[in-house]
Amino acid sequence: MTNSSVADNRDALSIIELFPQDEDWSLQTMRLLAQVAVGGSDLFECARTAARIGRTSTDGEVWQREWSRTAEETTAAGEAALERGDLTTARRALQRSCSYWRHSEFFLDTQDPRREQAYRNGTANFQKAAELTGGLIERIRVPFEGTTMDGYFVKPDASDTPRPTVLFLGGADSWAEELYFMGGTEFPSRGLNVVLVDTPGRGGSLRFKKLYSRPDYEMPVAAVLDFISERSDVDTDRIGLAGVSFGGYYAPRAAAFEPRVKAVAAWCGTWSILTDFYEFYPPLQKQLQWLTGSADDAEARAKLAEFTLDGVAQKLAIPVYVMHGTDDLIMDIEGARRFIDALTTDDVTADIYDGAGSLHCSYDYFSVATARLADWFVHKLG
């Protein structure tokens, strides 16, 4: 086992905190700021939005209004650039607007119609941007249980060269489009394809198709692998699987039962979603109820009790990579440690970030964490 810890002096740890009045607002905005380096947001667009909201307000209506305004303004800039024929400028603006739409709806009630509208606006803009990439971001529809799971196939170049390919699974609140800024640039820049799909419990599959999250995540993963295995640009002997946040359950669970997966990464380890996530971080309980199709707390608890790696971790016989932070407020690091301890494979890499990178999903160490993730897959898949 390779186990590394980033143990920077906590007193020296510098975090950009735009909303000191609300811990959840701050953390989610760090998630947005982390994507500045890969074009998912702009630091000064975010700072201007935060200034309009203020450092004392905790009014969710103000939050939604001001982030929506930034999303609309960025959309307008992208559309204007498109009309002028400035395609690179248009693509970048439309991609950022997608992130701002996602950010605007984050704290709305699951039944609030503005949440669906923000999703439609943001994904439509990302899809326009994808059309401006010369085929490097391709929309895909994966057949599954009488409907489709929609997403993107992202590759390094326009050739049909068979390449190692990583399926990247999101967490409890991510869109396939957001995942592009978490790995959609890092993997292709290293010669790997990356597949981003709204699997059950996420994005359009949750909102429009009622495909709720499920413990046997090897089933939707198998459908995606069946689909991409038909492509000439996928090397089916070199397929990886990664999951972020809640995906830290999805990916290991699926890999344990899917022999086509040759390496798996949990960007946030877990053992039990019920105890390590649902009970550990109550602010997201309504979200987890929604994505599991639960009517109330009791039903969600009963369903989430099945989301455990007990008896699953031991089945993994492939390289495993686990990343987690000691200050993760959303997913209990003890679940990650329990998962690591249960692994029996002889190829385990664990990065436990203490100091820089210690936040949930290492938002405060994003460029380093995403690079380490992509490099690990290059080494394991070849």
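Biologist: Which residues do ring pairs link into a cluster?

Modeller: That cluster is made of Phe19, Trp25, Trp63, Trp67, Tyr100, Phe106 and Phe107, joined by ring pairs. Bear in mind that this is a predicted model.

Biologist: How many aromatic pairs does the rule give?

Modeller: The count comes to 26 aromatic pairs.

Biologist: What makes the pair of Phe246 and Tyr250 stacked?

Modeller: Their ring centres are 4.6 Å apart, and pairing asks for centres within 6.5 Å. The planes sit at 15°, and anything under 30 degrees counts as stacked, so stacked is the label.

Biologist: Are Phe246 and Tyr250 buried or exposed?

Modeller: Buried means under 20% relative accessible area. Phe246 has 0%, so Phe246 is buried. Tyr250 also has 0%, so Tyr250 is buried.

Biologist: Why is the pair of Tyr249 and Phe307 called tilted?

Modeller: Here the centres are 5.4 Å apart and the planes are at 50°. Stacked needs under 30 degrees and edge-to-face needs over 60, so 50° falls to tilted.

Biologist: And what does the pair of Tyr249 and Phe307 tie together?

Modeller: Tyr249 is in helix α9 (residues 247-257), while Phe307 is in the loop between α12 (297-304) and β8 (320-325), so the pair ties together parts that are 58 residues apart in sequence. Tyr249 is buried at 0% relative accessible area, and Phe307 is buried at 1%.

Biologist: How do you know that Arg231 lies over the face of Phe153?

Modeller: Arg231 is 3.6 Å from the ring centre of Phe153. The distance limit is 6 Å, so that part of the test is passed. There is also an angle limit, within 35 degrees of the ring normal, and Arg231 is listed as lying over the face.

Biologist: On to charges. How many salt bridges does the rule count?

Modeller: The count is 35 salt bridges.

Biologist: What makes Asp150 and Lys209 a salt bridge?

Modeller: Their closest N and O atoms are 3.0 Å apart. The cut-off is within 4 Å, so the pair qualifies. The pair links distant parts of the chain: Asp150 is in strand β3 (residues 147-154) and Lys209 in helix α7 (residues 203-209), 59 residues apart.

Biologist: Why are Asp150 and Lys209 called partly exposed?

Modeller: Partly exposed runs between the 20% limit for buried and the 50% limit for exposed. Asp150 has 27% relative accessibility, so partly exposed is the label. Lys209 has 25%, so Lys209 gets that label too.

Biologist: Which residues are linked in a network of salt bridges?

Modeller: One such network links Arg52, Arg65, Glu66, Arg69 and Glu73.

Biologist: What makes strand β6 mostly covered?

Modeller: In β6 (residues 234-244), 8 of the 11 residues are buried. Strand β4 (residues 163-169) runs parallel to β6, with 6 bridges joining them. Another 6 bridges join β6 to strand β7 (residues 261-267), also parallel. Pairing takes at least two bridges, so β4 and β6 count as paired.

Biologist: And why is helix α6 called mostly covered?

Modeller: In α6 (residues 176-184), 9 of the 9 residues are buried. Among them are Glu177, Glu178 and Tyr180.

Biologist: Last one: which residues form the nonpolar patch on the surface?

Modeller: Ile16, Val36, Leu43 and Phe44, with about 340 Å² of accessible area together. Ile16 is in the loop between β1 (2-7) and α1 (23-33).

Note on methods:
Residues are numbered from 1 along each chain as its sequence is written. This is a predicted model: local features need pLDDT of at least 70, side-chain atom pairs count only at pLDDT 80 or more; totals for chains, interfaces and linings use all residues. Side-chain values use heavy atoms; hydrogens and water are left out. Rings of Phe, Tyr and Trp (its six-membered ring) pair if their centres lie within 6.5 Å; planes under 30 degrees apart count as stacked, over 60 as edge-to-face and the rest as tilted. Buried means under 20% relative accessible area, exposed over 50%, partly exposed in between (1.4 Å probe, protein chains only). Helices (H or I, at least four residues) and strands (E, at least two) are DSSP runs, numbered from the N terminus. Patches are made of residues with over 30% relative accessible area and no salt bridge: like charges are joined within 9 Å, nonpolar side chains (Val, Leu, Ile, Met, Phe, Trp, Tyr) within 5 Å. Accessible areas come from the Shrake-Rupley method with a 1.4 Å probe; for residues, only the protein chains shown count as cover. A salt bridge is a side-chain nitrogen of Lys or Arg within 4 Å of a carboxyl oxygen of Asp or Glu.
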